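Take a look at the protein below. Keep it in view while you read.

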Amino acid sequence: MRFILALLFTSVVHTCVLAQINVAELEGGWETTFEEPGGRVAKLSMIISENHLAMTSYYADTGEFIATLGGSWRADWDNFSITYEFDSANPGQVGSAATMPYELSGSFLIFNGDRFWTRVDKGIEGEVAGAWQITGRAKEGEIQDLSDRIDGPRKTMKILSGTRFQWVAFDTKEKTFLGTGGGTYTTDENGVYVENIEFFSRDDSRVGQALYFKFALEDGKWVHKGNSSKGDPIHEIWSRR
């Protein structure tokens, strides 16, 4: 079961002739499902931003986390490649790359000719869509500057399409996955950002919670204030990756 993502995103290289497309059209939210032999259904969510992606599987009925992987990506007319930054099921892949043929056909993204993903959004609906890395956090009333960690191996990333979000913490040097959570989100003109949690690797009991925050975009940075799923106050600064 932990290899659902590997089955849907396998390293296969062969010739595939496709029409010319704009690879920016790949950006956004995507989803598919996987049915186990016993009939239980796993939901798979994929967010593709300009330079990064994250793919996660979890059980649709309970929100129980299964696995996640992601990293940087690129595509040409024929092939889609990912360089892994994290893989909870197969950490040995971190630092390596996988390449496979793909096709974009209307609202469907197809890998290897038989793995279909359906578009959820085009990655432009939310004001904070894209990939972000935490670069500041309030501690004892003062903002702790974390910008020196941008190029370091340990990262906390938040990646958002137009309607979906995922945060993930990982260490590329140690090839360790540290935690993740995600679901859907909204932003409004009053500076309110709302997360609806659909999966949380550390605590399934958080699934179903809606978290409300104030947000502002200041000098290209995302200022994020509110309370965590545990009720702890949060004041964070995120910078684009």
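Predicted model: local features only at pLDDT ≥ 70, side-chain atom pairs only at ≥ 80, totals over all residues.

Residues are numbered from 1 along each chain as its sequence is written, and side-chain values use heavy atoms, with hydrogens and water left out.

Q: How many helices and how many strands are in the protein?
A: Both are DSSP runs, numbered from the N terminus: helices are H or I with at least four residues, strands are E with at least two. Counted that way, the protein has one helix and 17 strands.

Q: Why is the protein called as compact as a globular protein of its length?
A: The radius of gyration is taken over C-alpha atoms, and the globule rule is 2.2 Å times the number of residues to the power 0.38. For 241 residues the rule gives 18 Å. The protein is as compact as a globular protein of that length because its own radius of gyration is close to that, at 18 Å.

Q: What share of the residues of the protein count as buried?
A: Buried means under 20% relative accessible area, exposed over 50%, and partly exposed in between (1.4 Å probe, protein chains only). Of the 241 residues, the buried share is 46%.

Q: What share of the contacts with a separation of 6 or more joins residues 24 or more positions apart?
A: A contact means heavy atoms within 4.5 Å. Among contacts with a separation of 6 or more, residues 24 or more positions apart account for 47%.

Q: Is strand β2 largely enclosed or largely open?
A: Strand β2 covers residues 41-48. Seven of its eight residues are buried, so the rest of the structure leaves β2 largely enclosed.

Q: Which strands pair with β2?
A: Two strands pair if DSSP finds at least two bridges between them. β1 (residues 28-35) runs antiparallel to β2, with eight bridges joining them. β3 (residues 52-59) is also antiparallel to β2, over seven bridges.

Q: Which residue in the turn between β1 and β2 has a positive phi?
A: β1 and β2 form a hairpin with five residues between them. In that turn, phi is about 100° at Gly-39.

Q: Is Ile-48 buried or exposed?
A: Ile-48 sits in strand β2. Its contacts, leaving out residues up to four places away in sequence, include Trp-30, Leu-53, Trp-73 and Phe-80. Its relative accessible area is 1%, so Ile-48 is buried.

Q: How far apart in space are Ile-48 and Trp-30?
A: In sequence they are 18 residues apart. In space, C-alpha to C-alpha, the distance is 8.1 Å.

Q: How many bridges pair β13 with β14?
A: β13 covers residues 176-187, and β14 covers residues 192-200. Gly-182 has Phe-199 in β14 as its bridge partner. The hairpin has four residues between the strands, and there Gly-191 takes a positive phi near 75°. The strands are antiparallel, and the number of bridges is seven.

Q: Which residue in β15 is the bridge partner of Asn-196?
A: β14 and β15 (residues 210-218) run antiparallel, joined by five bridges. In β15, the partner of Asn-196 is Ala-210.

Q: What is the phi of Asn-112?
A: Most residues other than glycine have a negative phi. Asn-112 lies in the loop between β7 (108-111) and β8 (115-121). It is buried, with a relative accessible area of 15%. Its phi is positive, near 55°.

Q: Is Asp-219 buried or exposed?
A: Asp-219 lies in the loop between β15 and β16 (221-227). It is not a glycine, yet its phi is positive, about 55°. With a relative accessible area of 82%, Asp-219 is exposed.

Q: What is the relative accessible area of Lys-225?
A: Lys-225 is in strand β16. Not counting residues up to four places away in sequence, Lys-225 touches Phe-213, Lys-214, Ile-234 and His-235. Lys-225 is partly exposed, with a relative accessible area of 41%.
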